[in-house]
Structure formats: structure tokens, C-alpha cells
Amino acid sequence: MKYDPHKSSLFDLDANVVAILVYLLPWIVSIISSSLSGIAWLIPLLALILEKKSDFVNFHAANALAFFVIAAIIYYITVIFGITAILTSWLDNMFILGIFYMGVRGIIFIILGIIFAIVEIYLGVSKIFSIIRAYEYRDINVPVIAQITRFILNLKR
């Protein structure tokens, strides 16, 4: 959907500038300090809460928040698999067939790692397209992200 250029209620900036910032500021915060990257999701959340008059900014803030939700889910799944691998690897050494089981688990973890890497690349490219669309006063419907975005927007209403 194409929006007409307008101002946001946040700092009286153009709405497309605010929409771009909800994607870029968390990334910049993460680069500046890795310890702050865990709370970078607050930037689109605050924009979503504080924006009062621009549906366009609300959409892109919810979209940026949806990217964080998906990235967090992937991160925690990866951590759980990693912890599982660490905690169970010592058990394999107790059995004669431990090498075989470790090999199978290792292949599974490699496949999962490749899948998660592909998803992360997909999210990164989708974010770039979202920034470009925000600059053009347009929204974007990224598969899976769009459903989460709609859910977040429905919560705000």
C-alpha cells in the first residue's frame, strides 16, 4: 500500500524517516555495544507505543518488532540445541557406539545451523527491502513477518 507523505507525531519528523529509523537504530545500537543489543527491540516498541497519528509508522514499527521476535526465536532454538549438544556429548563417550551417535547428532546440528543461517540471511535481506519500502512510503508483506505484524497492530488497537 502506498501512503501519502506526512509527518509523524514523533519529533515532528517525516513519517518515512521515522519508519527507517525503527529499523536502523536497533542495528546501530547493536553495533555500538553488543551488551545493548539485547534491549534494542525497545526502539521499535517505543515507536509503536508513542506514535499516535501515523498508521504508516505504526506498521513499520510493528514490522521491525516482528523481525526481532523471529530472530529471538531462532536464537533461543539455536541456544537450546547448543546446550543440548554440550550436555549430552559426554554421555556418548560412555557407550561403545558413542562415535556413531555423535556423528548423527553432528550432522543434524550442521543441517540446523545451515537452515538457521539461511533464515537469518533472509531476515537481513527482508529488512533491507523494508527500509527501502519505508523510504518510498510503502509497506511490505514479508511472509511470516506480515502475520506477526498484523497481530502486533491488532494488540495496539
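A nonpolar core is a set of buried Ala, Val, Leu, Ile, Met, Phe, Trp, Tyr and Cys residues joined through side-chain atoms within 4.5 Å. Buried means under 20% relative accessible area, exposed means over 50%, and partly exposed is in between, with a 1.4 Å probe and protein chains only. Keep both in mind for the tour.

**Before you start**

What you have open is a predicted model, in which local features need pLDDT of at least 70 and side-chain atom pairs count only at pLDDT 80 or more, while totals for chains, interfaces and linings use all residues. Residues are numbered from 1 along each chain as its sequence is written, and side-chain values use heavy atoms, with hydrogens and water left out.

**Stop 1: the whole chain**

Switch to a cartoon view. The chain has five helices and zero strands, and from the N terminus on the order is α-α-α-α-α. Helices (H or I, at least four residues) and strands (E, at least two) are DSSP runs, numbered from the N terminus. Buried residues make up 33% of the 157 residues. Contact means heavy atoms within 4.5 Å. Among contacts with a separation of 6 or more, 69% join residues 24 or more positions apart.

**Stop 2: the core**

Now select Leu 48, Phe 56, Ile 145 and Ile 152. Of the 32 residues in the largest nonpolar core, these touch the most other members. Two or more residues of this core come from each of H1, helix H2 (42–50), H3, H4 and helix H5 (145–156). Which helix gives the largest share of this core? H3 does, with 11 residues.

Stay with Phe 56 and show what surrounds it. Setting aside neighbours within four places in sequence, Phe 56 is in contact with Tyr 3, His 6, Ala 15, Asn 16, Ala 19, Ala 134, Tyr 137 and Arg 138.

**Stop 3: the largest pocket**

Next, select Ser 30, Ser 37, Phe 68, Ala 71 and Lys 127. Of the 23 residues that line the largest pocket, these lie nearest its centre. Helix H1 (15–32), helix H3 (55–92) and helix H4 (98–135) are the elements that give two or more residues to the lining. The largest share of the lining, eight residues, comes from H3.

How much space lies in the largest pocket? About 730 Å³. On a 1 Å grid over the protein atoms alone, a pocket is an open set of points where a 1.4 Å probe fits, with protein on both sides within 12 Å along at least five of seven lines, and lining residues have an atom within 4 Å of a point. The volume is the space filled by probe spheres set on the points, which are joined across faces, edges and corners.

**Stop 4**

Move to the loop between H1 and H2, where you will find Ala 40. Is Ala 40 buried or exposed? Ala 40 is buried, with a relative accessible area of 1%. Beyond its neighbours within four places in sequence, Ala 40 is in contact with Pro 26, Val 29, Ser 30 and Phe 68.

Then click on Leu 46, in helix H2. Leu 46 counts as partly exposed, at 46% relative accessibility. Between Leu 46 and Val 22 there are 9.4 Å from C-alpha to C-alpha, and the two are 24 residues apart in sequence.

**Stop 5**

Lys 52 sits in the loop between H2 and H3 and is exposed, at 65% relative accessibility.

Now select Phe 11, in the segment before H1. Phe 11 is exposed, at 75% relative accessibility. Phi of Phe 11 is near 60 degrees, a positive value in a residue other than glycine. Asp 12, also placed in the segment before H1, has a positive phi near 55 degrees. Most residues other than glycine have a negative phi.

**Last stop: a pair of rings**

Finish by selecting Tyr 75 and Tyr 76. The whole structure holds three aromatic pairs. In this pair the ring centres of Tyr 75 and Tyr 76 are 5.1 Å apart and the planes stand at 75 degrees, so the pair is edge-to-face. Rings of Phe, Tyr and Trp (its six-membered ring) pair if their centres lie within 6.5 Å; planes under 30 degrees apart count as stacked, over 60 as edge-to-face and the rest as tilted. Tyr 76 is exposed, with a relative accessible area of 51%.
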